[in-house]
Amino acid sequence: MGRDVSESCIDSLLTEMVSTYCNRFYANKPELAARRIEAIGYQVGHQLSERYTMERPCFSDHLEAIKFICKDFWFELFKKQIDNLKTNHRGTFVLQDNRFRWLTRMSIDQSPENGTSEELSIMADNKTMQSMHLYFPCGIIRGALSNLGIPCAVSADISNLPACSFVIRIKA
């Protein structure tokens, strides 16, 4: 679109936002931090969708709108398309990104399965922080689809860093 933002700036912004909401504003209430981070993502997604669809005709169905998210919208955000799209044709879509940019710099803990309780606690904290970083892109997807007239719920799953799946459930 002509205006690009440095990837490192976005990474830093996301890291600081998650850190601030989780450790400062809502230190003892992670569910509130998650909702706030997702709400910020929603606003961003809503506005970006408005910008990227300004000169496009309306989408005829949900699948067409989801394909737009997977191809054009994702390309504008991450300079690549979604790697895989699956659907059950009943309102659930799974978007797979095998190298999700916002997770590529996160550490992958290779600790042994029988670690100490301290190591297991650190691993749990890392997993929590990784999932907190996914509320923002979930909000972006939900906001973009909401702007396209598709109410939905979006969740994310980290199976193997930096791979990530986003599950979209269309609300009836």
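Predicted model: local features only at pLDDT ≥ 70, side-chain atom pairs only at ≥ 80, totals over all residues.
Residues are numbered from 1 along each chain as its sequence is written, and side-chain values use heavy atoms, with hydrogens and water left out.

**Thr 53 and its surroundings.** I found Thr 53 in the loop between helix H2 (30–52) and helix H3 (62–78). Helices (H or I, at least four residues) and strands (E, at least two) are DSSP runs, numbered from the N terminus. Not counting residues up to four places away in sequence, Thr 53 touches Phe 59, Phe 68, Asn 147 and Leu 148; contact means heavy atoms within 4.5 Å.

**The core.** Next I checked the largest nonpolar core, which has 41 residues. Such a core is a set of buried Ala, Val, Leu, Ile, Met, Phe, Trp, Tyr and Cys residues joined through side-chain atoms within 4.5 Å. Phe 73, Leu 95, Phe 100, Leu 145, Phe 166 and Ile 168 touch the most other members. I picked out Leu 145: beyond its neighbours within four places in sequence, Leu 145 is in contact with Ile 66, Ile 69, Ile 150, Cys 152 and Ile 168.

I then turned to strand S1 (residues 84–87) and strand S2 (residues 92–97), which run antiparallel and are joined by 4 bridges. Two strands pair if DSSP finds at least two bridges between them. Asn 84 stands opposite Gln 96 in S2. The hairpin has 4 residues between the strands.

Which residue in the loop between S1 and S2 did I stop at? It was His 89, whose phi is positive, about 60°, although His 89 is not a glycine. His 89 is exposed, with a relative accessible area of 69%. Lys 79, in the loop between H3 and S1, also has a positive phi, near 60°. Lys 79 is partly exposed, at a relative accessible area of 40%. Last, I noted a cis peptide bond between Leu 161 and Pro 162, with omega about 0°; Pro 162 sits in the loop between S3 and S4.

Notes: Buried < 20%, exposed > 50% of the residue type's maximum accessible area, 1.4 Å probe, protein only.
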